[in-house]
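I opened this model to look up its salt bridges, its strands and its aromatic rings. My entries follow in the order in which I made them.

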Amino acid sequence: MPVGSPLDYHLHTSFSVDSQMPMATACETAIAIGLPEICFTDHVDLVPDDPDAGYFDPAPYFAELARCCERFAGRLTIRGGAEFGESHRIRAQQDELTATYPFDYIIGSLHWVGPHSVMAPEYFESRTRQEAYGAYFAEMLDLIRDGDFDVLGHLDVPKRYEYPVHGRFDSDEFAEEIRAVLAACIARGVGIELNTGSMRRTEGDPSPSPEVLGWYRELGGEILTLGSDGHRPSHMAYDFERALAMIRGAGFTHLTTFERRQPKFVAVG
């Protein structure tokens, strides 16, 4: 099935600590802007260092998801997922959740390096760029090896917060580290996403860059999702037309959707 209007596979609602968007509002917005399918990926943060640990409550999340699926049936395909932070560090808790609830899709994201959050300029103010990203990509390899997820989230997300400190991130400077991450994903059988949320914060650079998408394709990568990282209606499908051009330019002809954590490839129209 060609994707005439792209699918948004990274959305946060009021079940995430950092969003107030009702799930039904997101569904109404998706229909209004012509999205055929969306996946909610609210934050599940469980590492003790995270001040938001434990905010996500799965029972009301899946209850509201069921209500939305019924209300919008025939007009919108809705999937229930989550963005698990530091999956490699909280596997026991995560395994209990995924065994209990019917997740369609899991993003594995890295927001912490040891006890340090990478989601703030302070992480970069006290480190050189090489120190900051060297530690980040090293821990990302641990995440890929020991975590449980379907797609690696916003591969180079710290650049959103580094930008005010050091300026634009250059993928070439860390080509060896990034290629190792991509190869590890492919070997593990997980994918990556193109996240346009970074395009709102870094003079238009997505996560990862089009160059990295090309490396992923050259290495044999196939599983690719597209997400806005939206936390409000105005974020949904942010700059997707340009993102699709990047995806095609990297040599991809398909995007990936998930149901009960099983991937399905859909052609990009």
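**Salt bridges**

I take a salt bridge as a side-chain nitrogen of Lys or Arg within 4 Å of a carboxyl oxygen of Asp or Glu. Helices (H or I, at least four residues) and strands (E, at least two) are DSSP runs, numbered from the N terminus.

I note that this is a predicted model, where local features need pLDDT of at least 70 and side-chain atom pairs count only at pLDDT 80 or more, while totals for chains, interfaces and linings use all residues. Residues are numbered from 1 along each chain as its sequence is written, and side-chain values use heavy atoms, with hydrogens and water left out.

Asp 148 has 17% relative accessibility and counts as buried. My cut-offs are under 20% relative accessible area for buried, over 50% for exposed, and partly exposed in between (1.4 Å probe, protein chains only).

I looked up Asp 229 and found a salt bridge with Arg 160, the closest N and O atoms being 2.9 Å apart. Asp 229 lies in the loop between strand 9 (224–227) and helix 9 (240–249), and Arg 160 in helix 6 (residues 159–166), so the pair ties together parts that are 69 residues apart in sequence. Both Asp 229 and Arg 160 are buried.

The count of salt bridges comes to 19. One of them joins Arg 89 to Glu 139, with the closest N and O atoms 3.9 Å apart. Arg 89 lies in the loop between strand 3 and helix 3 and Glu 139 in helix 5 (residues 129–146), so this pair ties together parts that are 50 residues apart in sequence. Arg 89, at 32% relative accessibility, counts as partly exposed, and Glu 139, at 12%, counts as buried.

**Strand 4**

How many of the residues of strand 4 are buried? I found five of five, in residues 105–109. Tyr 105, Ile 107 and Ser 109 cover one side, and Ile 106 and Gly 108 the other.

Strand 4 runs parallel to strand 3 (residues 77–85), joined by five bridges; I count strands as paired if DSSP finds at least two bridges between them. Gly 85 stands opposite Ser 109. Strand 4 also pairs in the parallel sense with strand 7 (residues 151–152), over two bridges, and there Ile 107 stands opposite Val 151.

**Aromatic rings**

I count rings of Phe, Tyr and Trp (its six-membered ring) as a pair if their centres lie within 6.5 Å; planes under 30 degrees apart are stacked, over 60 edge-to-face and the rest tilted. The count comes to 18 aromatic pairs. Tyr 61 and Phe 62 form an edge-to-face pair, 4.9 Å centre to centre with 90° between the planes. Tyr 61 and Phe 62 are both buried. They belong to one aromatic cluster that also includes Phe 15, Phe 56, Phe 84, Tyr 101 and Phe 103.
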